[in-house]
Amino acid sequence: MPGVPRAARVYFETLAAQRCVLGVTVTNILVVDDSATIRRMVRAALQPVTDARFVEAETGLEAIERLAFAPVALILLDLNMPDMHGLEVLRFVRAHTAYREIPVLVLTTRQDEDSRAAALAAGATAYVTKPFAPAALAAEARKLLERGGVGAGR
Amino acid sequence: MPGAERETGRFSDAFLDDYFAECDEHLRAIRAASLRLDAGLDAGRLEPAAVEQIFRGCHSIKGLSGMVELGEAETLAHELESYLRTLHEGAHGITRPGVDVLVDAVMELERVIVARRDRAAIPDVSAIVARVRAIAAGGAAPHVPTAAAALPAAAGRRWQAVYVPTPAMLERGVNVNSIRERLQALGTIESAVPEVAEGGRLAFTFVVALSDAEPASAEWEPDGVTWTRLANVPPARAEAPEAPAPPAAARFVRVDLARLDDLMRIIGDLVVSRARLADSLERMERHVPAAEWRAAQEHRTALDRHVRDLRQGVMRVRLIPVGDVFDRMVFVVRDLAREYGKTVRLELHGKATEIDKLLIERMMDAVLHLVRNAVAHGLESPEVRQRAGKSREGTITLRASTVGDTALIDVEDDGQGIDAAAVAARARAAGVEVPDGALDADTLLELICAPGLSTRERADRGSGRGVGMGAVRAAVQEVGGTLTLETDPGRGTRFALQLPLTLAITEAIIATVGDRTFAIPQAGVSEVLEIDPAAVRQLENNEIVPYRQGTLPLLRLSRVFGVPEAPRRARLHVFVTGRGAAAVGIAVDRIVGQKEIVVRTFADRFIKVHGVAGATELGDGRVVLILDVNALAHAGEMRGVR
């Protein structure tokens, strides 16, 4: 969130951690991708269908750190990242009770069946390939948010 | 993908600038890694980390290109990625033809992306795609186990660093990425594992092989990191080696150059206001008590210093190391050497020299052309060199350095030098007047820069727009720089570009002619002389003065601009511009002082006046013209002053 002082951001994140800012339920969507451009694109695609706040992470480790401090209703996860592969992040999420229920949408350039099967086996809720169509991604994300039952969008 | 589809507004259009900027970063990293790979191959060393980095860069470019529907880049990046994956998995080791194809493909990839940016026709990639496919499929070289397979080189001691993040630390900007970067600076990270400990606390456990003796625990503790020494056993599971830090993204922000220009403009206004303030203060001196005035003067001096620091600070933000441009030349030279059948070694000096980004970009084509000339015409073929008693391998040296407010870029080769007689003959044939006898370097430069005389023996495949030496010199002069030539038949040629470090603010000498005031940028002036008007001689239509061992043609500003001359003075002030035989003296009445000025160029082409580079505002609100000394000197030559 550029332009917002870090202190304010953390303050809101802490509030958001209680899922409540001024009595309004806040939904967080975690966007994990090592490309800042892709993260911006994902946000732009999802913005029209949700009131959610976006939390970004550029590495797998950062994604896990983010998870620990802001409850997340949906994770959009890239697979090929430096320092920790997306599948490892996914396994971590599925292995911990606190995060187990969070829907994870894997968003990757790997278009082959093996990769899809591996992601689903590791616990991915949905699998979308890049390049993605913004509307299709938004529809998929919305479905997951509603199914997840946590603060669904409009 | 047909171009027509690219016309309409699409989702991805809003992200094109991000796309180009991010691709730029990836391409830079890929180029640097390719160089390491290349050098490693020559030295018989494997560079798994470099392969990994190129692979990662191609992967990112592929994903991004798909999103912006640049199919050519996506395809090419995909093929490269597939090829690198085979290396990666050790299907076969890297080979010389492999690296060559890789380098060519990366250059083509860059061309595709640049073409998209410039809205030019996208090059056809089918040929290079086929080459990448061929190299990926066949030519299996004997597999050499990569260093990655071997366990961590007996690198130092192994330590475990456990990082426990808290909201308070996140607030301070400490997060797992910054910790990882700091660890990477200390040694090699062997593994990084997140764990949820008792009580639901998250912890990251890093295993690090330190190059130094011991981590300073006290420095790490406040940031939630605790260290434990590990017994020196190999890690339980061999993790893939950590990829070299993705250019430390977290510590950098990307800034639109337009914003920096805005800042520069504001600082320019500040410089003008400061000069006005100084002027008002001068006039106030008589009316305020001495002590008060002195205090005000001190503040003014402090302000001067701060403004200067501020300007330099912002300027530094715009500076980037020339290393990037130089690295690009490595590929160009390799390509050209192959094309012309030369053996070339490229030496790079001063890669860390920092120059204004905009300036580098504007000079890129000029430097490229000089390098191209050096390979194509400067260096001899290996056989000829051998016969001449030289090494078979020619050397091209690129050198960058900064001196005060100027940046110097040299392009030097140890080839055959420029054949002055041949150039003179060609010039005469084209109807250009050429002085008899031996040509000095400056006249020679003049001739090779003359339109129509560029050595265009053959249409160079890569040269594209046909930038001649004339265009090179024009580009240098456009930014207020100078181009000089030194050539030694049989020994080599050196082109030196002398450029201003920054484009907007510069030191200038303020001088008057009659009742007019002019500003002369200091970078263009090599010397200021004070001469006795009696020493001026008349030679045909021109005036000359004795200078060093020879004479110096004199150009009176009063005559150039038709300003009435001040009554005869005891001394004449002369600026010397240009070097050697191209030197010209510019005579003014009086030198008033020296000032930091803000250069405002004329936006309107209709008021472009030869010899005037722009205008600036002095502290007293007067607008004065900034002289373009190079153009003036040139005008003098054209009128046959010499």
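# A tour of chains A and B

Start with chain B, which has 18 helices and 22 strands (DSSP runs numbered from the N terminus: H or I of at least four residues for helices, E of at least two for strands). This is a predicted model, in which local features need pLDDT of at least 70 and side-chain atom pairs count only at pLDDT 80 or more, while totals for chains, interfaces and linings use all residues. Residues are numbered from 1 along each chain as its sequence is written, and chains are lettered from A and ligands numbered from 1 in the order in which they are written.

Colour chain B by burial. Of its 642 residues, 34% are buried (20 or more other C-beta atoms within 10 Å of the residue's own, with C-beta atoms placed from the backbone).

**Stop 1: two helices of chain B.** Select residues 16-42 (H1) and 48-67 (H2) of chain B; their axes come within 8 Å and cross at roughly 155°. Axes here are lines fitted to C-alpha atoms over the stretch in contact, and angles run from 0 to 180 degrees between N-to-C directions. H1(B) and H2(B) are therefore roughly antiparallel (an angle over 145 degrees). Residues making the contact include Tyr19(B), His26(B) and Leu37(B) of H1(B), and Val51(B), Ile54(B) and Leu64(B) of H2(B); two residues are in contact if their C-beta atoms, placed from the backbone, lie within 7 Å. By class, the contact has eleven nonpolar, six polar and two charged residues (Ala, Val, Leu, Ile, Met, Phe, Trp, Tyr, Cys and Pro are nonpolar, Asp, Glu, Lys and Arg charged, the others, Gly among them, polar).

**Stop 2: where the chains meet.** Show both chains: 32 residues of chain B are in contact with 30 residues of chain A. On the chain B side, H2(B) gives the most, with eight residues. That side has 17 nonpolar, eight polar and seven charged residues.

**Stop 3: helix H3 of chain A.** Select residues 60-69 of chain A, where nine of the ten residues are buried. Among the buried ones are Leu61(A), Ile64(A) and Leu67(A). Their cover includes S3, S4 and H4 of chain A, together with H7, S2 and S3 of chain B.

**Stop 4: confidence in chain A.** The mean is 82, and 79% of residues reach 70 or more. Strand S5 (residues 74-77) has the highest confidence, at a mean of 96, and strand S1 (residues 20-21) the lowest, at 44. Residues 17-23 of chain A stay under 50, and residues 149-154 of chain A are also below 50. Where pLDDT is low, the predicted coordinates should not be read in detail.

Methods
Angles under 35 degrees count as roughly parallel, over 145 as roughly antiparallel, 65 to 115 as roughly perpendicular and the rest as oblique. A residue is buried if 20 or more other C-beta atoms lie within 10 Å of its own, exposed if 12 or fewer, and partly exposed in between; C-beta atoms are placed from the backbone. pLDDT is the predictor's confidence in each residue, from 0 to 100.
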